[in-house]
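Subject: Structure handover

Hello,

Here is the structure I promised to pass on. My notes follow below it.

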Amino acid sequence: MLRTQNGVSLGIIFTGLVLASVSSCSRPADSRKPADREKYLTIKGSDTMVHLVSTWAEVYMEAHPEAEISVTGGGSGTGIAALLNGTTDICAASREMKQKEEDLAAQKGIEPVEFTVARDGIAVVVNPANPIDALTLEQIRNIYIGTYTRWNQVGGPDEPIVVLSRESSSGTYVFFQEHVLEKKDYRQDALLMPATSAIIQSVSADKWVIGYVGLGYAVEAGEKVKILGVKADDEAAVVMPSEETVDSGQYSIARPLYLYTAGEPQRPVKDFIDFCLGAEGQKIVRETGYVVVQ
Amino acid sequence: MPGAFAVNNYERAIRLLLLGAASTSILIVILIFVFLGKEAAPFVVRPGVGELFSTRWVPVSFQKESFGIIPLVTGSLLITGLATLITIPFGICSAVYISEVAAAWEREILKPLIELLAGIPSVVIGFFGLVVLAPLVKGLFGLPTGLIALTGALLLALMALPTVISISEDAIRSVPASYKSASLALGASKLQTTWKVTVPAALSGIIAAVMRGMGRVIGETMAVMMVTGNAAVITASPLSSVRTMTATIAAEMGEVPFGSEHYQALFCVGIVLLLATFGLNMVAQRVLKKYRIG
């Protein structure tokens with residue numbers, strides 16, 4: 001009898017402790033509204049952009065020793081949610097805001113301001129031993145939605161096509177689905193790879209797979225993968241993804257990368273965005289494998 | 001007698017402390033159940049439990065999202081079943097060899113080496129699987145990709161083996177020497193004694209060992225996510241890619257909007273996983289009890 005009583009009271013004490021520690025952990029984050037801070041900036045959002053944004057932040061902090069910038073990933077959706085909840089100053093996003101998110105912003109009385117800070121091309125890659133050099137957008141779509149399942153349907157040998165995709169949490173997955181698959185679903189047996197590096201690894205090792213990765217990664221992989229040229233339709237010319245073709249808009253599987261702020265940016269935030277859009281910021285864009293914006 | 005009183009209090013304090021430590025883990029299990037239930041509950045209202053029984057897991061879609069966990073459950077079952085099939089003969093034979101056949105010096109070498117295997121982080125095993133095992137399996141079966149259920153099951157068997165071997169070996173070793181002596185005295189050979197007397201006598205321990213191994217297998221995440229291809233298809237073929245419940249939670253929880261249907265569906269998957277391991281433990285205990293009494 002005594003035993004159970006002791007157990008229960010201890011249990012209650014323990015629960016109390018857990019709750020206390022949880023609530024004390026979460027409090028500082030809420031009370032430290034970005035607006036209260038003078039020189040402390042937070043940027044949150046797209047995983048694709050983390051490398052770019054943190055390089056910007058490093059260089060910016062070197063030039064402005066008084067500034068302190070923290071950069072976190074988590075995904076475009078997470079970043080936008082944080083912006084609307086007031087827990088980040090700047091949101092990095094590899095896609096535009098959805099209607100749902102804009103409605104939510106209007107509800108909260110926030111007017112998001114969009115800055116296009118760079119562009120990113122998505123390369124379609126195959127094994128170097130694959131004889132295919134270029135595909136039309138329609139062929140890529142049909143491969144990814146499952147209409148075509150063998151390479152001979154797109155002019156290759158009679159071998160099965162193994163489709164590689166990123167995980168559904170990736171912004172690239174959503175972009176590819178929207179712009180290449182025309183919003184159709186990926187085929188069910190597409191292999192969902194946990195990381196870009198896993199796609200590169202598989203494409204370099206397996207002869208009959210097809211995958212998509214950010215242009216920077218594809219170029220970095222060099223001889224290990226073959227980057228496919230893309231044709232808008234049967235008659236159109238083959239366009240290889242490169243800085244020039246992404247920039248000119250000839251290469252169609254490309255997307256703008258954005259920074260969002262809640263309302264017109266004020267001083268410390270504005271300085272940083274001006275830096276990103278300026279000559280030095282755009283030089284970093286090129287160095288990190290993305291394409292500059294004019 | 002103040003001295004006795006002090007000792008009495010001291011004993012009580014120690015007892016309370018131990019009781020507290022013992023009940024903490026139970027409390028945590030209950031809290032986990034409550035938390036999972038709380039996060040998953042809204043899913044029952046909308047879109048309803050029936051949605052979980054659909055055959056498609058398409059959490060991100062422009063058409064219609066569906067959260068059928070059947071492909072994930074069958075994926076986990078297939079991999080766990082295969083891994084168990086591979087583990088049982090290897091595990092038991094190793095345990096028999098180490099405890100009954102091996103010389104003392106062999107045992108001194110084998111045991112620590114096998115236990116070393118248990119200490120390898122799963123991400124390292126996963127990487128080994130991705131780079132070494134997957135290409136081997138691919139070549140062996142002439143497949144277009146090595147990222148399939150069988151590769152995952154082989155890795156998991158590798159991870160479950162140390163558990164199965166060391167518990168089975170203990171069980172075999174604890175079979176009373178009188179059993180063996182009696183068998184040998186009746187004219188049975190050493191091999192006959194091992195397989196007809198010692199192993200059956202240790203069966204409860206061996207079954208418990210296999211159950212423990214299965215517990216590890218079904219909950220394993222990282223290695224599986226890296227090598228099984230993660231395609232959410234319903235299949236019984238070991239040569240097809242599958243998506244497990246654990247990999248789904250790990251891959252998708254990071255970026256899912258808080259409180260969305262997708263978020264709740266992932267918690268439903270968590271509950272199913274928890275119930276599965278819970279059930280497995282219950283069965284293991286039942287089996288143990290039955291054999292001990294019988």
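Of the 294 residues of chain B, 35% count as buried (20 or more other C-beta atoms within 10 Å of the residue's own, with C-beta atoms placed from the backbone; 12 or fewer is exposed, in between is partly exposed).

This is a predicted model: local features need pLDDT of at least 70, side-chain atom pairs count only at pLDDT 80 or more, and totals for chains, interfaces and linings use all residues. Residues are numbered from 1 along each chain as its sequence is written, while chains are lettered from A and ligands numbered from 1 in the order in which they are written.

**Fold.** Chain B has eleven helices and two strands. These are DSSP runs, numbered from the N terminus: helices are H or I with at least four residues, strands E with at least two. The order along the sequence is α-β-β-α-α-α-α-α-α-α-α-α-α. The C-alpha atoms fill a box of roughly 75 × 75 × 35 Å along the principal axes. Contacts in chain B between residues at least 6 apart in sequence join residues at least 24 apart in 73% of cases. Contact means C-beta atoms, placed from the backbone, within 7 Å.

**Domains.** Chain B is assigned domain 1 (2–50) and domain 2 (66–291). The bounds come from an automatic or database domain assignment. The C-alpha centres of the two domains of chain B lie 30 Å apart. Six residues of domain 1 and eight of domain 2 make the contact. The domain 1 side has five nonpolar, no polar and one charged residues. Nonpolar covers Ala, Val, Leu, Ile, Met, Phe, Trp, Tyr, Cys and Pro; charged covers Asp, Glu, Lys and Arg; the others, Gly among them, are polar.

**Chain A side.** Chain B puts 32 residues into the contact with chain A, and chain A gives 36. H1(B) gives the most to the chain B side, with six residues. By class, that side of chain B has 18 nonpolar, ten polar and four charged residues.

**Helix pair.** H2(B) (70–101) and H8(B) (203–219) have axes that come within 10 Å and cross at roughly 140°. Axes are lines fitted to C-alpha atoms over the stretch in contact, and angles run from 0 to 180 degrees between N-to-C directions. H2(B) and H8(B) are therefore oblique to each other (under 35 degrees is roughly parallel, over 145 roughly antiparallel, 65 to 115 roughly perpendicular, the rest oblique). The contact includes B:Ala83 and B:Gly91 of H2(B) and B:Gly213 of H8(B). Its residues divide into nine nonpolar, six polar and no charged.

Best wishes

How values were computed: Two residues are in contact if their C-beta atoms, placed from the backbone, lie within 7 Å.
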